[in-house]
Amino acid sequence: MQDRLIDAARVRDRRGTVRATRISPGTDEDAGTGALDRPLDLASNDYLGLSTDSRLKAAAITATERYGTGARASRVVTGTLPIHNHLEQSLAELTGQPAALAFSSGYAANLGILTALGGPDTLILIDAHIHASLVDAARLSRSPVTTIPHSNFAALNDLLANRTQTRAIVVIESIYSVLGDAPNLLDAAMLCATHDALLVVDEAHGVGVLGAGRGGVYAAGLAGADHVVVTATLSKALGAQGGAVLGSEMLRDHLVNTARSFIFDTGLAPAPAAAAAAACRIILAEPARVDALHRVASLIASSCGVDRAAGPVQSIRVGSPDIAVKVTERLRDEGILVGCFRPPSVPDGISRLRLTAHADTDPARLVWATALMTSMLLDGN
Ligand SMILES: Cc1ncc(COP(=O)(O)O)c(C=O)c1O
């Protein structure tokens with residue numbers, strides 16, 4: 001086994017694909033507290049800046065004092081707490097869905113829906129850009145799985161029309177994290193209705209962002225449609241932790257009885273459940289926060305000279321993986337945190353810097369950071 005670990009580490013070194021769990025700058029005890037001492041965060045998924053909102057913190061503390069630090073058991077044993085019901089109602093209200101079921105993560109929610117609905121008689125069609133959790137979920141579902149070229153609805157139509165399986169599930173995202181693009185959900189839903197297929201839309205990057213924060217499915221008028229199911233994470237715009245599946249009451253019951261990542265998993269802890277419920281209320285009450293996020297996203301795109309992507313993440317193409325890594329490190333040294341995407345984790349093999357908008361980003365600091373990044377990219381390091 002030791003040999004195997006050593007070989008794998010050498011391969012990572014050679015390919016320059018080493019990953020690490022470094023403490024995020026600005027989060028240790030010694031970090032400065034002034035706004036300018038804090039790093040400029042253009043990398044995290046806390047799109048609306050809610051993870052540090054005092055109302056979310058207060059909700060988490062109250063829930064911890066009332067229910068304890070953990071749910072203590074699976075939701076189907078003794079782990080369902082009143083805060084879970086409150087969270088599920090809040091999520092359903094935010095997204096306009098009849099019902100919600102909370103999971104311990106977005107990853108677990110995606111595993112839950114596809115393993116509970118898939119099987120040998122169900123073709124699963126996944127978009128080439130979907131998140132790894134959905135790829136894993138499709139694999140675990142025991143369904144035949146086919147990958148559709150990214151957002152290619154003509155190819156999707158052919159595959160649905162010519163399938164041999166009785167059932168089909170199409171899996172897409174409302175905003176893809178690789179390019180930040182948004183597919184036409186209405187077209188996807190119509191195609192699925194025509195071919196009697198279920199559409200699963202992962203709204204990890206859509207809830208809190210699209211449709212005044214209520215999600216892309218809501219914005220497309222598809223919330224509550226029988227053949228459209230939404231999955232979401234509570235760890236991005238909602239500033240907490242956990243995941244959810246949103247759809248009909250009957251679907252919720254089915255998942256409670258069959259989704260292994262729900263049944264054989266400890267319930268979501270009270271603190272993030274309460275924080276996420278508070279986030280749902282804030283998003284509904286304060287649409288200006290979502291508007292601010294979109295203004296910052298537009299500013300990133302214009303100051304980097306790229307087309308505005310639909311979501312918070314704006315991607316900047318970079319000539320080589322080495323340059324992407326070097327520029328990311330140099331920006332980090334300047335207190336600017338950006339994402340770095342390079343092969344093998346990019347489906348199209350193109351290296352990119354990813355700048356993520358947050359509702360509370362200071363525009364002046366942002367313009368300074370993008371100018372610095374542009375000059376580093378022109379230098380080629
Ligand atoms: C599209 C998408 N789906 C699912 C997930 C998983 O969510 P979680 O982090 O809550 O497990 C992510 C997280 O990165 C994501 O981007």
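How closely do the axes of helix 4 and helix 5 come, and at what angle do they cross? Hold that for a second while I tell you what we're looking at. This is a predicted model, where local features need pLDDT of at least 70 and side-chain atom pairs count only at pLDDT 80 or more, while totals for chains, interfaces and linings use all residues. Residues are numbered from 1 along each chain as its sequence is written, and side-chain values use heavy atoms, with hydrogens and water left out.

Okay, back to the helices. The axes of helix 4, residues 106-117, and helix 5, residues 132-140, come within 8 Å and cross at roughly 30°. Helices here are DSSP runs of H or I with at least four residues, strands are runs of E with at least two, and both are numbered from the N terminus. The axes are lines fitted to C-alpha atoms, for helices over the stretch in contact, and angles between N-to-C directions run from 0 to 180 degrees. So helix 4 and helix 5 are roughly parallel to each other (that's under 35 degrees; over 145 is roughly antiparallel, 65 to 115 roughly perpendicular, and the rest oblique). Helix 4 passes helix 5 in a right-handed crossing, meaning that the near helix is turned clockwise from the far one by less than a right angle, with anticlockwise being left-handed.

Who's touching whom? On the helix 4 side you have Tyr107, Asn110, Leu111, Leu114 and Thr115, and helix 5 brings Ser133, Leu134, Asp136, Ala137, Ala138 and Leu140; contact means heavy atoms within 4.5 Å. By class, that contact has seven nonpolar residues, three polar and one charged. Nonpolar covers Ala, Val, Leu, Ile, Met, Phe, Trp, Tyr, Cys and Pro, charged covers Asp, Glu, Lys and Arg, and the others, Gly among them, are polar.

Now, helix 5 also sits in a crossover. The chain goes from strand 3 through helix 5 to strand 4, a right-handed β-α-β crossover (with the strands pointing away from the viewer, the path from the first strand over the helix to the second runs clockwise). Strand 3, residues 122-127, pairs with strand 4, residues 145-148, in the parallel sense over four bridges; pairing takes at least two DSSP bridges between two strands. If you click on Ile124, its bridge partner in strand 4 is Val145, and in strand 5 it's Ile169. Strand 3 and strand 5, residues 167-173, are paired in the parallel sense too, over five bridges.

Those strands belong to an open sheet of seven strands, in the order 2-8-7-6-5-3-4, with mixed pairing. Strand 2, at 99-103, and strand 4 are the edges, each with a single partner strand, so one side of each is left without a neighbour in the sheet. From one strand to the next, the twist averages 20°. Helix 3, residues 82-95, packs on this sheet, touching strand 2 and strand 8 (243-247), and its direction makes about 125° with that of strand 2.

Helix 3 gets us to helix 11, residues 270-285. Their axes come within 9 Å and cross at roughly 30°, so these two are roughly parallel to each other, and their crossing is left-handed. That contact divides into 12 nonpolar residues, three polar and two charged.

Helix 11 also meets helix 2, residues 54-67, with axes within 7 Å and crossing at roughly 145°. This crossing is right-handed. Among the residues meeting here are Ala59, Ala60 and Ala63 of helix 2 and Ala274, Ala275 and Ala278 of helix 11. The tally is 12 nonpolar, one polar and one charged.

Strand 10, residues 336-341, runs antiparallel to strand 11, residues 352-356, and three bridges join them; Cys340, for instance, has Leu353 as its bridge partner in strand 11.
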